There are 2 protein chains.
Amino acid sequence: MVADGAMTGLATDVVVFTIRDQCLRVLLVRRSGEPFAGHWALPGGMVPADEALDDCASRMLGEKTGVRGVYLEQLYSFGEPGRDPRGRVVSVAYYALVPPERLARFADGDDQLAWMPTEALPELAFDHRHIVELAHRRLAAKLDYSNIALQFMGERFTLSELQSVYETILGEPLDKRNFRKRVRNLPCIEDTGEWFRAGKHRPARLFRVTRSDRVEIIK
Amino acid sequence: MVADGAMTGLATDVVVFTIRDQCLRVLLVRRSGEPFAGHWALPGGMVPADEALDDCASRMLGEKTGVRGVYLEQLYSFGEPGRDPRGRVVSVAYYALVPPERLARFADGDDQLAWMPTEALPELAFDHRHIVELAHRRLAAKLDYSNIALQFMGERFTLSELQSVYETILGEPLDKRNFRKRVRNLPCIEDTGEWFRAGKHRPARLFRVTRSDRVEIIK
DNA sequence: GCAAAAGTGTTATCGATACACCCATGC
DNA sequence: GCATGGGTGTATCGATAACACTTTTGC
């Protein structure tokens, strides 16, 4: 192992985003132990010495949501001495995007887990509120120059649904025609030829994401 | 302190950029001890338990260059088990930008330190080459949507010097008239009214950065 | 007077924005 | 037939990109 007094606790915390009811929501876990017992916190935990950071974040996401293979990106590392009252713990924060359909019957009925709207978060443990805010800003910024929003979409989706995702994250309405113009000639989106009927109005075209679900820089 | 086996070494490494001879250069340190003894590496080291990550990076920058108060930004954290043969060490990488005039008579004559062009790096210790490449990409990306390049400029500078900084980092020539149009109406740049005479040609106007040396998002 | 870098405007093109009405369906 | 959300096109504006010659100085 390594010399001198630079031994510290190493953790990852994951800001897991989804969208439900026109709300951008974050997965929170109620803490059972001290410190901050009873407070809501991000899912996370200590990183075992033989596990890569990405793998650890991915595993924690899987343990809490049952979901694997979704978009996951390192956000920032937080290491203020004093951010954890037990001693020096560096948290490598990640954020993840999960399409709501992949959360079907999971994480409900468990009162230790909650999907809370980013606009109405309770008091969070540690510096987790700050982490959530940073993640939200990063996500919103990426909407402008990448196709990252597709990570929230399921197998098939309508353009109105996609627009709603943008509006929810950005917190502002977008022009329908301009939005569709922009998005229809993206190479990563494809018309399935199928139609979605819902309610008493005209059916909507269904689209799908082509091939890779890679996040690409556009523009 | 913190429970269980998640104890690891915590380090910071800093990619210190400067520009000299139309080259983007990185500060490297020759390693004396194992592992990678004799190899070139980024300046860095273990983070004491009571020091913030930013402070540690800033201190390491200061120790090697004598420079303080320059632009410094967290880049990414690297934690592959196996990236350090001694055991698990997580490195929180930073990058810093130093105007060449602030390096006047420092870091020369010391054959354990070198400012190497990013285009001709020797073999580096650990995953440091990867870190340098990531930092370079981040820096180049930020040229497009921020005024970060001003961090390389001294007290007063000509527009040709500034353009040269852009061209050096991007690795491609820019149109002089378009460049000046863009940059002349930035609020953060100001004509000093002074002139710079060098060689047998027309003198150049000298500019300065106004007020804050904050990096701002532009466009 | 010549070499060397500083300085300067116009035009064309592209992308972004603003904006309002008809369409298909369920009830 | 009416309420609901789905779907479409054009005109304007501003930003970007391409492009070449004159000016000032030192020698």
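H4(B) gives the most to the surface near DNA strand C, with 4 residues; "near" here means that a residue has a heavy atom within 4 Å of the strand, and helices (H or I, at least four residues) and strands (E, at least two) are DSSP runs, numbered from the N terminus. Before going on, some ground rules: this is a predicted model, where local features need pLDDT of at least 70, side-chain atom pairs count only at pLDDT 80 or more, and totals for chains, interfaces and linings use all residues. Residues are numbered from 1 along each chain as its sequence is written, chains are lettered from A and ligands numbered from 1 in the order in which they are written, and side-chain values use heavy atoms, with hydrogens and water left out.

Let's stay with DNA strand C. It has 23 residues around it, and those that come nearest are Lys200(A), Ser160(B), Lys176(B), Arg180(B) and Arg205(B). Of the DNA strand C atoms within 4 Å of the protein, sugar and phosphate make up 42%. By class, 14 charged, 5 polar and 4 nonpolar residues form the surface near DNA strand C; Ala, Val, Leu, Ile, Met, Phe, Trp, Tyr, Cys and Pro count as nonpolar, Asp, Glu, Lys and Arg as charged, and the others, Gly among them, as polar.

Now for some individual atom pairs on this strand. The side chain of Lys181(A) puts an N or O atom 3.1 Å from a base oxygen of DNA strand C. With Lys200(A), a backbone N or O atom sits 3.0 Å from a base oxygen of DNA strand C. Pro203(B) also uses its backbone, with a polar atom 3.3 Å from a sugar or linking oxygen of DNA strand C. Two or more residues of the surface near this strand come from each of H4 of chain A, H4 of chain B and strand S9 (204-209) of chain B.

Turn to DNA strand D. Sugar or phosphate accounts for 40% of the atoms of DNA strand D within 4 Å of the protein, and the rest belong to bases. Look at Arg202(A): an N or O atom in its side chain is 3.3 Å from a base nitrogen of DNA strand D. Arg177(B) likewise has a polar side-chain atom 3.3 Å from a base nitrogen of DNA strand D. His201(B), on the other hand, uses a backbone N or O atom, 3.3 Å from a base oxygen of DNA strand D. Elements giving two or more residues to this surface are helix H4 (176-184) and strand S9 (204-209) of chain A, plus helix H4 (176-184) of chain B. H4(A) has the largest share of the surface near DNA strand D, with 6 residues. By class, that surface holds 15 charged, 6 polar and 3 nonpolar residues.

How do the two protein chains relate? The same surface serves both copies, as 100% of the contact residues of chain A recur in chain B, where contact means heavy atoms within 4.5 Å.

The contact takes 31 residues from chain A and 31 residues from chain B. Between them, chain A and chain B bury about 2600 Å², with 59% of it on carbon and sulfur atoms; buried area is the accessible area (1.4 Å probe) that two parts lose on being put together, summed over both. Across the interface of chain A and chain B there are 0 salt bridges, a salt bridge being a side-chain nitrogen of Lys or Arg within 4 Å of a carboxyl oxygen of Asp or Glu. The same interface has 9 residue pairs in polar contact, both at pLDDT 80 or more (a pair of N or O atoms within 3.5 Å; within protein, one must be able to donate a hydrogen and the other to accept it, and residues adjacent in sequence count only if both atoms are side-chain atoms). On the chain A side, strand S1 (7-20), helix H1 (53-65), strand S5 (71-78) and strand S6 (89-97) each supply at least two residues.

Finally, a couple of backbone details. The peptide bond joining Glu34(A) and Pro35(A) is cis, with omega about -10°, and Pro35(A) sits in the loop between strand S2 (23-30) and strand S3 (40-41) of chain A.
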